[in-house]
Amino acid sequence: GVPGAFRQDPCPAGTFSSTAATRCSLCDVGQFTNQSAASDCQLCPIPTTSTSQGSTICDACQAGYYWDSVFFEERRTELMDDQCIDCCVRCEDACNKIDDNDDECAKCDDPGVTIELLPLSRSWWRATKLST
């Protein structure tokens with residue numbers, strides 16, 4: 001269970017407790033709750049998912065999609081408690097269409113591949129989000 005979360009204390013966000021339970025449990029991968037005192041977790045809306053137990057937000061995408069972190073950051077305050085379904089972009093939409101050549105498409109649905117979008121100033125490049 002989650003430390004300090006017994007029947008008399010409400011379960012924190014990311015956890016739940018059914019009516020008969022005396023301890024809080026973490027939401028499973030692919031589920032979330034952003035409410036305290038939840039009696040269950042919600043499934044992440046398709047095509048989103050969560051990548052760790054105890055999630056309060058669906059912050060990743062299912063296979064065949066990639067997470068647009070720039071879009072998410074621009075709309076974070078607007079979303080509030082809503083999940084960012086539009087943050088998941090279909091992999092096939094990440095193509096540079098030149099003569100319909102699939103070799104120009106990002107292979108984001110291959111196992112272990114992650115695409116990260118970075119905000120850039122004109123004529124500049126960045127290796128990571130943290131580089132300046």
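1. A residue is called buried when its relative accessible area is under 20%, exposed when over 50%, and partly exposed in between, with a 1.4 Å probe and protein chains only. By that rule cysteine 84 is buried, since its relative accessible area is 3%, and cysteine 87 is buried as well, with a value of 0%.

2. A word on the basis of these values. This is a predicted model, in which local features need pLDDT of at least 70 and side-chain atom pairs count only at pLDDT 80 or more, while totals for chains, interfaces and linings use all residues. Residues are numbered from 1 along each chain as its sequence is written, and side-chain values use heavy atoms, with hydrogens and water left out.

3. The protein chain contains one helix and eight strands, where helices (H or I, at least four residues) and strands (E, at least two) are DSSP runs numbered from the N terminus. Read from the N terminus on, the order of the elements is β-β-β-β-β-β-β-α-β.

4. Of the 132 residues in the protein chain, 29% are buried. The chain exposes about 9,100 Å², and carbon and sulfur atoms supply 50% of that area; accessible areas come from the Shrake-Rupley method with a 1.4 Å probe, and for residues only the protein chains shown count as cover. Among the contacts (heavy atoms within 4.5 Å) with a separation of 6 or more, 32% are between residues 24 or more positions apart.

5. How many disulfides does the structure hold? There are five, a disulfide being counted here as a pair of cysteine sulfur atoms within 2.5 Å.

6. The torsion about the S-S bond of cysteine 11 and cysteine 24 is about -95 degrees, so the disulfide is left-handed. Cysteine 11 is buried at a relative accessible area of 4%, and cysteine 24 counts as buried at 1%.

7. A disulfide is also formed by cysteine 44 and cysteine 58, with their sulfur atoms 2.1 Å apart. The pair links distant parts of the chain, with cysteine 44 in the loop between β4 and β5 and cysteine 58 in the loop between β5 and β6 (60-61), 14 residues apart. Its S-S torsion is about -90 degrees, so the disulfide is left-handed, and both cysteine 44 and cysteine 58 are buried.

8. Is the disulfide of cysteine 84 and cysteine 87 left-handed or right-handed? The torsion about its S-S bond is about 75 degrees, so this disulfide is right-handed. The sulfur atoms of cysteine 84 and cysteine 87 lie 1.8 Å apart.

9. Two backbone details deserve a careful look. Isoleucine 46 and proline 47 are joined by a cis peptide bond, with omega about 10 degrees, and proline 47 is found in the loop between β4 (42-43) and β5 (48-49). Alanine 37 has a phi near 60 degrees, which is a positive value in a residue other than glycine. Alanine 37 sits in the loop between β3 (31-32) and β4, and is exposed, with a relative accessible area of 53%.
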